[in-house]
Amino acid sequence: MRVAIPDDNPDPFSALGDYFSSEMVGASKNFSQAVYRKTQLPLRVFEGARARTADINGCMVCRAFRAKRDLKDFYSVQAIDASGTVIENGAAPDEDFYQNVTNWRTYPGYDARERIAIEYAERFCLDPQGLASDEVFWAAAKAAFTDEEIVDLSQCIASFIASGRVAHVLGLDKVCSILELGDAGSHVR
């Protein structure tokens, strides 16, 4: 880790605010929880954008995380109820869905909305200036999503970028809660 958190802490990322910048870390946690609780996006659209952002960010935890499978365990460690979250917004994507986020242009397992959400996340991360002025993209996005959904998706991606990059650059993704993923699901440390 790039910051010193006591070794006996089982989840340094969740405890970061106990040691540093508590108000800012708390606001970040609240933003992340709002994204998972308040999004109206279908789970597959949400997860496509999240998984592509995680891939770009490089966060090991974010890359391994699967909302439907892992959110309840992650929240239970923090004594947070996972009901009423994005995991209730549809069926879970299969593993091929996650493994192909870098191949979103050609992978046949995505529908049009999922493909646009993944492209949006990728370009939001890598080329926000080009994205903002790409009228062809915006015509496709506006045909597939309502304005409400576009704002929702934008806020989700912003949260994914912020949390994932903080975790990765500070090295918290090497010691965070959800690292060991087995065939039966996640194992929270």
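Let's start with Arg105 and Glu122, whose side chains meet in a salt bridge at 3.6 Å, N to O; the term covers a side-chain nitrogen of Lys or Arg within 4 Å of a carboxyl oxygen of Asp or Glu. This pair ties distant parts of the chain together: Arg105 sits in the loop between α6 and α7 (112–126), while Glu122 is in helix α7, 17 residues apart. Arg105 is exposed at 57% relative accessible area, whereas Glu122 is buried at 9%. Here buried means under 20% relative accessible area, exposed means over 50%, and partly exposed is in between (1.4 Å probe, protein chains only).

A word on what you're looking at. This is a predicted model, in which local features need pLDDT of at least 70 and side-chain atom pairs count only at pLDDT 80 or more, while totals for chains, interfaces and linings use all residues. Residues are numbered from 1 along each chain as its sequence is written, and side-chain values use heavy atoms, with hydrogens and water left out.

Back to the charges. Side chains of opposite charge can pair when their charged atoms come close. Arg105 and Glu122 also belong to a salt-bridge network that links them with Arg52, Asp55 and Arg63. Another pair is Arg66 and Glu95, with the closest N and O atoms 2.5 Å apart. Again, distant parts of the chain are joined: Arg66 is in the loop between α4 (60–64) and α5 (67–77), and Glu95 is in helix α6 (residues 95–99), 29 residues apart. Arg66 is buried at 9% relative accessibility, but Glu95 is partly exposed at 38%. Then there's Lys174 with Asp173, where the closest N and O atoms are 3.8 Å apart. Lys174 is partly exposed at 47%, and Asp173 is buried at 0%.

Now zoom out to the fold. The chain has 10 helices and two strands, all of them DSSP runs numbered from the N terminus (helices: H or I, at least four residues; strands: E, at least two). Along the sequence, the order is α-α-α-α-α-α-α-α-α-α-β-β. The C-alpha atoms fill a box of roughly 50 × 35 × 30 Å along the principal axes. Of the 189 residues, 46% count as buried.
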